[in-house]
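Here is a short briefing on how the parts of this structure pack together. Look at the model first, then read the points by topic.

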Amino acid sequence: MINTKVNIAGVELKNPVMTASGTFGSGMEYAEFVDLNKLGAVVTKGVANVPWEGNPTPRVCETYGGMLNAIGLQNPGIDVFIRRDIPFLKQFDTKIIVNVCGRSAADYVEVVEKLSDQPVDLLEINVSCPNVKHGGIAFGQDPKCLSEITKEIKAKAKQPIIMKLSPNVTDITEMAKAAEEAGSDAVSLINTLTGMKIDIHKRTFVLANKTGGLSGPAIKPVAVRMVYQVANAVKIPIIGMGGIANAEDAVEFLLAGATGVAVGAMNFVNPYATVEVVDGIAEYMKTYGIEDLTEIIGSVK
Amino acid sequence: MEQKKKEKAVVYRQTQRATGVFDMWIETSIAKQAHPGQFISVYTQNQSALLPRPISVCETDKEKGRLRIVYRVAGTGTKEFSAYKSGHQIDVLGPLGNGFPLEEAKGKRVFFVGGGIGIPPMLELAKAISDAVSKDILLGYRNNELFLAEDLKKYGNVHIATEDGSVGTKGTVMDAIAANGLNADIIFACGPMPMLRAIKQYAKERDIPAYISLEERMACGVGACLGCVVKTKEIDHHSHVNNARICTDGPVYLAERVEI
């Protein structure tokens, strides 16, 4: 009998596989394709204190081995989310991680406080969205700012918090250390890498926002490297993501030091990807005689 | 509601219809479920081009389980599709989107308006509507490469407009409506944005409903990523902002509901 359970900040997940925020809505759309009961956790699309319209279109485009997005954190606001999305997810035997976004510390705190009496297991704090002006990126690119916002949120949060880190920094370990010292219970990485695509026929930017966040298999080696670096810099658990398409990719992140793994852009390519990763990890464990998945976390030094 | 699924389809037959325009019949279980105005996502086999290509349903043969797509080669993905021969396996996802409200046409004079690569969905639609009083099909082309015009003649009175004036009315479908002195009680349309804006205005002036099918860059195709939105006049019931998802709430909208 193999044990795929992992523990993130005191929350036990049946397996390490979750969804990357913004690629899975609140699970409603993908529930037609996959059994959400099989996932370790569903991480929701970012939600703010009030509804956000997001950016103009085009908001997405394909790039070599990946894609750019500049959705701009469109969301229905926390009140609708609590009324509609949380009850939907509660029907399933999976952990609920709510991604929280904001333009100011007060925005984040308002959302976190409204979630305090909700059946939510963990809060992921998006301080690293590259597509929204004041969408938290300022908090996520300076260790001092990250430390301050982490402390403010931690003081009000009833659930453990996961600070989501931006890869658009010189040294991601500094950011991870700042989050850990400020009381973050875990970190997730990486958010998207800022990119750009130009339409040479129209001689203009493909995205209305000019820049967007790069995701998909193209960024996986960068993400694995950053997870490895952070795993060697902090003691809190890491949720690793960036281009995970299958179980082999997920195992790379686990070996590099991630306790959880999230499938992002590849949901768009293969709507069954999350469950295939769950099944594939179990296969990997059987193949190599691994009884407890935690044995391999961070085992490549 | 029909179940969306991703499955392997098999190319039954592919023919080129015009410069850069290809006509492909595929064998898929989606054929039985698809409604006029819905679309499918077609995946490339090139691992560097990951996102599915949304392509409208042109026609279905429900008995034989075949679905027809007519598409224009616009980039690496569609270029790859155009080389597929009979028997080739492809991944498809569908049926996606809402489709046209067929019941609205009952007892009415109907315009079916297709511009360029917006023409294909008009075929399955014109074929499916049998209880209209009259069916005028307006097709806008660049030149005399009149793909699908013959197929559409079976289902209504076809009027053609060409940009270069080589066939029918010189100009746009709007010019063809005027030149032929046509009138309608309801419009179904798909085509480039300037055409859809003109249809919206035309319908507003005459106080008749126009259902238009929109296009936008998509990623997931199933309503999760919020990539393909259109501005809406009213707050959208799902998003709670003035944005609706084209892949899920659309691609067909009552023109007056969307800001285009």
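In H6(A), Lys220(A), Val224(A), Val227(A), Tyr228(A) and Ala231(A) meet Asp249(A), Glu252(A), Phe253(A) and Ala256(A) of H7(A). By class, the residues of this contact are six nonpolar, three charged and no polar. The model is a predicted one.

**Helix pair in chain A**
- Helix H6 of chain A spans residues 220–231, and helix H7 of chain A spans residues 247–256.
- Angles under 35 degrees count as roughly parallel, so H6(A) and H7(A) are roughly parallel to each other.
- H6(A) and H7(A) make a right-handed crossing.

**Contact between the chains**
- Chain A brings 30 residues into contact with 24 residues of chain B.
- On the chain A side, strand E5 (60–63), strand E6 (66–69) and helix H8 (266–269) of chain A are the elements that give two or more residues.
- That side of chain A holds 15 nonpolar, 10 polar and five charged residues.

**Domains of chain B**
- Chain B is assigned domain 1 (5–96) and domain 2 (102–213).
- Between the C-alpha centres of domain 1 and domain 2 of chain B there are 24 Å.
- In chain B, 14 residues of domain 1 are in contact with 13 residues of domain 2.
- Strand E1 (5–18), strand E5 (59–61) and strand E6 (66–72) of chain B each give at least two residues to the domain 1 side.
- E6(B) gives the most to that side, with three residues.
- The domain 1 side has seven nonpolar, four polar and three charged residues.

**Sheet in chain B**
- Seven strands of chain B form an open sheet with mixed pairing, in the order E11-E10-E9-E8-E12-E13-E16.
- Strand E11 (169–170) and strand E16 (252–254) of chain B are the edge strands, each pairing on one side only.
- Strand E10 (residues 157–162) of chain B pairs with E11(B) in the parallel sense, over two bridges.
- Ala161(B) has Thr169(B) in E11(B) as its bridge partner.

**Helices on the sheet**
- Helix H3 (residues 120–128) of chain B lies across strand E8 (109–115), strand E9 (134–141), strand E12 (186–190) and strand E13 (210–213) of chain B.
- H3(B) runs at about 160° to E8(B).
- Helix H6 (residues 193–206) of chain B also packs on the sheet and touches E8, E9, E12 and E13 of chain B.
- The direction of H6(B) makes about 170° with that of E13(B).

Terms used
Residues numbered from 1 in each chain as written. Chains lettered and ligands numbered in written order. Predicted model: local features only at pLDDT ≥ 70, side-chain atom pairs only at ≥ 80, totals over all residues. Contact = placed C-beta atoms within 7 Å. Helix = DSSP H or I, 4+ residues; strand = E, 2+ residues; numbered from the N terminus. Nonpolar A, V, L, I, M, F, W, Y, C, P; charged D, E, K, R; others polar. Domains from an automatic or database assignment. Pairing = 2+ DSSP bridges. Axes fitted to C-alpha atoms, helices over the stretch in contact; angles between N-to-C directions. Parallel < 35°, antiparallel > 145°, perpendicular 65-115°, else oblique. Left-handed = near helix turned anticlockwise from the far one by under 90°.
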